[in-house]
Amino acid sequence: MSESYDYLFKFLVIGSAGAGKSCILHQFIESKFKDNSSHTIGVEFGSKIVKVGGKSVKLQIWDTAGQERFRSVTRSYYRGAAGALLVYDITSRDSFNALSNWLRDARSLAGPNIVILLVGNKKDLDAKREVTFLEASKFAQENELIFLESSAKTGENVEESFLKCSKTILSKIETGELDPERIGSGIQYGDLKHLQTNNTARRQPDCVCRPL
Ligand SMILES: Nc1nc2c(ncn2[C@@H]2O[C@H](COP(=O)(O)OP(=O)(O)OP(=O)(O)O)[C@@H](O)[C@H]2O)c(=O)[nH]1
């Protein structure tokens, strides 16, 4: 099967333990709800090619453990991420209250240019909601985050979260705000982009294998 894509983005999924990060990733990759999800040990990995704004983008996604005891391991994966889903659970005020800490870590360890999308997960459990949509929207606005509520159970807004975040990264590349050539940008050119740019003789051939 062909693995052609224009760009590769390094992505993180972060947030408190039990917020539903692994279920979101599983739903995105397998289009299924992972019923028996247990706590992530360290980090897990998934990847998928998506179509965004007429481009093929390979998302290389690191699903990190939310438990404090894994924090030193998970932090080592933040470096050079282009995008992140910052997940809280709409039925857990504690997971919402922890967002500022997650955000501080992401921006300091991954870099200030990381594009972060705030995800209020478990939207299907509205009857148990502890965090209103309005309150979270306000937090998102104050902290320059894109915001969506999702359900890894029903699949609502799961793919949209990854697409919306990717679209924002892509438009920042197009406007020059993000530079894929910068070491640690979390962005690589794929073979399609590589062919295009080589045809116009604008890029060096080593750009495909440059470290993220
Ligand atoms: N109802 C409902 N339950 C969910 C949803 N997403 C996850 N869950 C449940 O929430 C629990 C935790 O989900 P995980 O995906 O393992 O949580 P996590 O954020 O990866 O947790 P850590 O790996 O410990 O950081 C599991 O029992 C899931 O079945 C959702 O959208 N709706």
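Mentor: A backbone N or O atom of G66 lies 2.7 Å from an oxygen atom of the ligand, a polar contact, that is, a pair of N or O atoms within 3.5 Å; within protein, one atom must be able to donate a hydrogen and the other to accept it, and residues adjacent in sequence count only if both atoms are side-chain atoms. T40 also places a backbone N or O atom 2.7 Å from a ligand oxygen atom. N121 uses its side chain: an N or O atom there is 3.1 Å from a nitrogen atom of the ligand. On its own the ligand has 650 Å² of accessible area, and the protein covers 87% of that (Shrake-Rupley method, 1.4 Å probe; for residues, only the protein chains shown count as cover).

This is a predicted model: local features need pLDDT of at least 70, side-chain atom pairs count only at pLDDT 80 or more, and totals for chains, interfaces and linings use all residues. Residues are numbered from 1 along each chain as its sequence is written, and side-chain values use heavy atoms, with hydrogens and water left out.

The shell around the ligand has 22 residues, of which K21, S37, H39, T40 and G66 come nearest (a residue is near if one of its heavy atoms lies within 4 Å). By type, the shell divides into seven nonpolar, eleven polar and four charged residues; here Ala, Val, Leu, Ile, Met, Phe, Trp, Tyr, Cys and Pro count as nonpolar, Asp, Glu, Lys and Arg as charged, and the others, Gly among them, as polar. Helix 1 (residues 21–30) gives the most to this shell, with three residues; helices (H or I, at least four residues) and strands (E, at least two) are DSSP runs, numbered from the N terminus.

The space taken by the ligand is the largest pocket. A pocket is an open set of points on a 1 Å grid over the protein atoms alone, where a 1.4 Å probe fits, with protein on both sides within 12 Å along at least five of seven lines; lining residues have an atom within 4 Å of a point. A molecule sits in a pocket if more than half of its atoms lie within 2 Å of its grid points.

As for the chain around this site, its secondary structure comes to seven helices and seven strands, running β-α-β-β-α-β-α-α-β-α-β-α-β-α from the N terminus. Of its 212 residues, 51% are buried (under 20% relative accessible area, 1.4 Å probe, protein chains only).

Note on methods:
Buried means under 20% relative accessible area, exposed over 50%, partly exposed in between (1.4 Å probe, protein chains only).
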